[in-house]
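Please read it alongside the sequence and the coordinates.

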Amino acid sequence: MRHLLLLGMGCIIAAPLSAQGDVASAQGDVAVTIYQNGQSLVQDSRQMNLPSGRSKQEFPDVSASIRAETVTLTGPGIGIVEQNFDYDLLTPAKLMEKAVGQTVTLLRTNVATGVETRVRAKVLAANGGVVLQIGDSIEVLRDDGLPVRVIFDRVPPNLRARPTLSVTVESKGGLTPTTLTYLTPGLGWTSDYVTLFDDAKQTIDVQGWVTLTNNTGTDYTNADVLLVAGNPNQGGNRRMYQTSYSPSTGTIDEAGTESNNRERLGDYYLYPLGERTTIANAQQKQVSFLDVKSAPARNTYEFNNGWLATNEAASASSVLKFSTSRSGGLGDQLPAGTMRVYMRDKRGDPQFIGESRIEATPMGSAMSIRTGEAFDVKVKTVVEERTRINSNRWKTRMRYEITNARGNAVTVDLGQNGLWGDVRISEQSQEGKRVSADRIEWSVPVPANGKATVTATFDSRY
Amino acid sequence: MRGLVALFLALATTPLAAQTVVVSEEPEAVSLTVYRGEKYGGQAIDPNWPTGYALVTETRTLTIPAGESVIRFEGVAEGMFPESAIVTGLPKGVKEKNRDARLLSPLGLVDAYLKRQVTITRTERATGKTREFPAMITSAPGGAVILQTNDGYEALHCTGLPERMAFAQLPAKLSAKPTLSVITQSDKPVTAKVTLTYMAAGFDWEANYIAQVQNRGSDGKGKVDLFAWLTLANGGNQSFTNANTMAIAGKPNRENNGPQVKPTGGSLELKCWPNQRTHEVPYNLGYFPAPPPPPPAPAAYMDEESDSIVVTAQRMRGESLASYSPVAVVVAEQENLGDLKLYRIPEPVTVNAKGQKQVAMLVKPGAAFTHHYSASVENYGAQSEPMTLMLRGKNTTDKGLGLPMPQGQVMVFENSEYGPLLTGETTLNDRAVGEDVEIAVGTSVDVRMTVTPQSEKANNQRWEIKVTNARNTPVNIEVEIPYELRGKSKAVTKISGVPTWKTTVAGNDSATLSYDIKLERD
């Protein structure tokens with residue numbers, strides 16, 4: 001589709017080309033599949049009126065960040081001759097460079113009188129400055145600093161307003177349904193969960209939203225949108241580091257083994273949007289996909305000591321535990337995203353109490369997310385004594401003081417890391433659980449407005 | 001005040017169904033909960049660049065027509081995290097939430113008018129006469145505007161003539177600011193009370209304590225009037241009028257932001273022919289790095305309009321200033337919110353754009369504190385260095401405190417003949433009920449310490465500490481010796497695992513201690 005101005009003597013363009021709103025998109029029926037690794041698959045089905053034989057078809061309104069090498073055009077009776085992606089863009093400098101050897105019109109305006117004079121000039125060179133031949137004399141453009149309009153007869157054929165995809169096809173001709181597919185970066189999605197925690201009832205209400213962002217530079221009008229939970233071509237790597245005690249993320253305590261009837265693509269889950277929607281450029285869009293009321297949840301505390309060292313009292317993490325199981329849980333898979341937790345204040349208004357990133361979680365999993373640091377529950381670690389037994393054995397006596405300024409009793413999961421597998425615990429005030437070679441955990445009940453102390457002696461080898 | 005301002009039909013947004021656009025300009029009621037930013041090394045709030053965030057809850061009354069409609073929320077904080085927005089109160093819920101960031105700008109206009117007609121007006125410098133003619137934009141706004149006129153092709157602003165572009169209409173897709181909108185449906189026209197909740201960057205708060213030392217006994221015991229301001233800052237351009245304002249202490253977890261849309265738009269960069277004049281080298285744009293954040297406004301040049309510090313509920317002090325702590329009429333109320341502490345300003349207040357506000361949050365006159373001078377031998381040598389004066393209290397009711405004390409800055413005042421004067425400035429971390437509260441006031445010229453080596457053997461190192469007191473009153477001292485010591489000394493006790501020398505040095509006197517460090521030799 002081309003908008004041509006009527007050119008001619010004294011032609012006045014009477015009405016604006018499109019007075020109302022914006023120019024209609026050249027896109028056809030668009031289907032967009034968005035992955036979570038920044039890639040998206042776009043399918044654009046258009047009815048094209050093709051001439052018989054070979055013809056070059058331009059495709060405006062494809063993604064401005066299109067990966068041109070991934071384009072495929074298909075349709076009945078269509079053979080592809082070649083595909084081109086041209087990005088030589090129209091600028092004044094380019095216009096002048098491509099006019100070398102051609103003749104342009106100069107329109108000089110007399111500064112004093114406003115009288116215009118028109119001359120034809122041949123562009124000899126455009127290297128730094130523009131050298132012109134006007135009649136028999138050679139001049140440099142605007143060397144006098146006076147106003148002069150340079151009018152070009154035409155725009156060179158290869159210069160474009162935007163990068164343009166074109167496909168040369170061979171066709172029998174006629175109205176042909178075609179499908180253009182390509183990959184583009186710049187579209188992405190994640191999930192945002194709104195979780196309202198009720199401390200008294202120990203329940204959560206969870207609403208899940210998918211959040212799409214479009215930075216492709218192009219609008220996708222009235223598109224059929226499908227979201228894929230999973231990252232193609234990013235697997236294969238074993239986890240290098242244990243993340244069980246990373247302080248800030250949500251964790252899957254026990255991976256679930258349940259499934260439901262959600263559509264799948266290989267090992268990925270599919271989230272089709274219920275209705276067609278327009279994804280505008282520079283837009284963030286949210287659509288609801290999960291709404292669960294009164295799922296059971298409980299809050300607990302966790303503290304990790306990284307090394308056998310004396311530290312000032314520091315806050316324990318507040319942890320919220322819940323399940324994604326069908327019975328007694330959220331009853332769905334959770335695509336990776338951010339869970340924001342709210343809680344009602346004394347007046348009943350919801351207030352934000354922290355957020356946590358969760359990874360893609362199978363249905364039936366036991367989850368714990370760290371929402372923040374507890375103001376009133378603190379742990380102080382003290383090295384009571386460190387003695388050398390012999391040249392490579394040390395004995396460290398640790399004391400952990402847990403204080404609780406809350407009006408209710410709490411249980412703190414106290415963890416000591418840095419045990420390297422060869423550290424033995426020769427004595428401890430309560431039985432701990434060696435959860436890994438590097439870590440021991442004690443589950444410590446702390447009375448309301450009270451204190452609890454754990455002591456342990458570590459026998460380390462160097 | 002009605003939230004509904006205008007109803008108009010948005011054409012050409014979707015060919016299927018015409019959506020009615022409802023614009024909600026401002027909220028009727030707003031509540032603001034401010035969360036603290038990360039402040040390293042106890043620095044104060046940067047009012048121009050606050051690092052915390054806020055939860056904003058607004059109520060707006062809207063008239064929603066029958067059918068599908070788009071509700072545009074205006075007057076929200078520009079630091080909004082759009083993914084956190086929650087809209088409730090719509091009769092049939094929210095179909096979609098959208099945040100659009102295609103901004104109305106010179107660049108945005110040219111982009112929207114690509115292959116469309118604009119009007120060019122040229123003015124003759126000599127006569128002032130103007131001439132208008134139509135032209136079509138044929139290049140995207142990447143450094144230039146190339147126009148197709150009835151004469152041929154020309155480049156805007158490459159002629160040296162005064163010329164300007166005019167556009168027939170505002171493109172519907174462009175907005176003045178990034179805008180949040182929701183799509184909703186209704187069977188019949190209804191008036192709905194809608195609540196919009198969202199998180200926004202550009203806020204911060206902290207406590208600002210005033211510790212007024214009332215008396216200081218010769219035994220080191222004394223009374224301190226402790227007062228704290230709740231200082232909150234709004235670094236954005238949006239004011240919150242009569243807001244139900246709260247602040248949260250404790251540390252809710254925050255994750256890095258997910259993908260955000262980049263606003264489009266900006267100024268139109270125009271580049272012309274290679275070298276406009278032979279002796280005029282053009283400004284070569286070349287590689288353009290990301291623009292730096294806007295520089296903070298110089299704090300010293302606050303204009304009168306931006307009332308930068310508002311002190312609410314402070315009464316004039318009398319002539320004889322007994323205490324630096326003000327008399328508070330309004331004190332923020334504290335309640336527990338899960339594992340966090342919530343402070344509520346009991347009356348609605350206005351949090352101005354680019355403004356900082358203070359309301360009292362803690363008033364505890366007569367708290368029991370002890371004075372002592374503290375040092376660690378690690379930081380001392382043969383040359384005498386001043387020791388640090390510390391105030392130590394306990395956050396319990398019987399010691400005159402017994403309430404959560406959020407992190408903040410502390411100013412310590414002592415009385416003098418000239419009234420209360422500042423003797424120290426320090427910071428305090430979050431202190432729960434029952435914890436020790438230690439305030440480092442400052443160093444003392446009069447109470448000094450030297451640490452000198454005495455002898456060294458293969459497995460033993462002997463040192464001597466000498467503390468001199470030039471004050472005419474006795475002082476309590478605490479010196480940490482963070483090493484493994486040989487032998488036992490009555491004067492040295494372990495505090496939190498660290499051997500510490502605690503003693504009292506008489507007025508105008510000195511005290512010494514020898515200690516042996518165990519050396520481990522392989």
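Predicted model: local features only at pLDDT ≥ 70, side-chain atom pairs only at ≥ 80, totals over all residues.

Two strands are taken to pair if DSSP finds at least two bridges between them, and both strands (E, at least two residues) and helices (H or I, at least four residues) are DSSP runs, numbered from the N terminus.

Residues are numbered from 1 along each chain as its sequence is written, chains are lettered from A and ligands numbered from 1 in the order in which they are written, and side-chain values use heavy atoms, with hydrogens and water left out.

**Strand pairing in chain B**

Strand β22 (residues 355-376) of chain B is joined to β28 (residues 475-480) by four bridges, and these two strands run parallel. The pairing of β22(B) with β23 (residues 385-394) is antiparallel and extends over six bridges, with B:Ser374 placed against B:Thr388 as bridge partner. Strand β15 (residues 221-234) of chain B also pairs with β22(B), in the antiparallel sense and over 13 bridges; here B:Leu230 stands opposite B:Val359.

**Two open sheets in chain A**

In chain A, three strands form an open antiparallel sheet in the order β3-β11-β5. Eight bridges join β5(A) to the antiparallel strand β11 (residues 164-171), and A:Ile80 stands opposite A:Val169 in β11(A).

A further open sheet of chain A has five strands, in the order β9-β8-β7-β6-β10, again with antiparallel pairing. Because β9 (137-140) and β10 (148-151) stand at the edges with a single partner strand each, one side of each is left without a neighbour in the sheet. The twist in this sheet averages 40° from one strand to the next. Strand β8 (residues 129-134) of chain A pairs with β9(A) over four bridges in the antiparallel sense, A:Gln133 having A:Ile138 as its bridge partner.

**The interface between the chains**

Strand pairing also crosses from one chain to the other: β20 (residues 283-305) of chain A and β7 (residues 96-100) of chain B are antiparallel over four bridges, and A:Gln283 is the bridge partner of B:Asp100. The overall figures for the interface are collected below.

| Interface of chain B and chain A | Value |
|---|---|
| Residues in contact (heavy atoms within 4.5 Å) | 104 residues of chain B, 111 residues of chain A |
| Buried area (accessible area, 1.4 Å probe, lost on being put together, summed over both) | about 9,400 Å² |
| Salt bridges (Lys or Arg side-chain nitrogen within 4 Å of an Asp or Glu carboxyl oxygen) | 13 salt bridges |

Of the area buried between the chains, 51% lies on carbon and sulfur atoms. B:Tyr153, B:Trp273 and B:Asp339 supply 8% of the area that chain B buries against chain A, more than any other three residues. A salt bridge links the side chains of A:Arg149 and B:Glu154, at 2.5 Å from N to O.

Note on methods. Buried area = accessible area lost by both parts, 1.4 Å probe. Axes fitted to C-alpha atoms, helices over the stretch in contact; angles between N-to-C directions.
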